[in-house]
Amino acid sequence: PILCNLYYGDAEYRTFGSQETVDQIGIADRTVVVRLMDDYIVISTEESAVKSFLQLAHQSLKKYGAGVN
């Protein structure tokens, strides 16, 4: 479990770590993103923020061997 958290933590930081990225996909204000191991839960009042998060995750996390269902 710890290795998984380190691996995904690094991937998450490289993908979503900058304030610019957070602002660009719109998850700064009304969205909560929680990761437990390799699962994400995205809760938002903005449907577009969730869609943007999923799209970026799908594109960016492929290089880490991760996928989005």
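Reader: How many aromatic pairs does a search of the whole structure find?

Author: This is a predicted model, where local features need pLDDT of at least 70, side-chain atom pairs count only at pLDDT 80 or more, and totals for chains, interfaces and linings use all residues. Residues are numbered from 1 along each chain as its sequence is written, and side-chain values use heavy atoms, with hydrogens and water left out. Rings of Phe, Tyr and Trp (its six-membered ring) pair if their centres lie within 6.5 Å; planes under 30 degrees apart are stacked, over 60 edge-to-face, and the rest tilted. On that basis, the number of aromatic pairs found in the whole structure is four.

Reader: What kind of aromatic pair do Tyr 7 and Tyr 64 form?

Author: The ring centres of Tyr 7 and Tyr 64 are 5.9 Å apart. Their planes make an angle of 80°, so the pair is edge-to-face.

Reader: Is Tyr 64 buried or exposed?

Author: Buried means under 20% relative accessible area, exposed over 50%, and partly exposed in between (1.4 Å probe, protein chains only). Tyr 7, at 41%, is partly exposed. Tyr 64 has a relative accessible area of 17%, so Tyr 64 is buried.

Reader: Which residues form one aromatic cluster?

Author: Two of the members are Tyr 7 and Tyr 64, which also form an aromatic pair.
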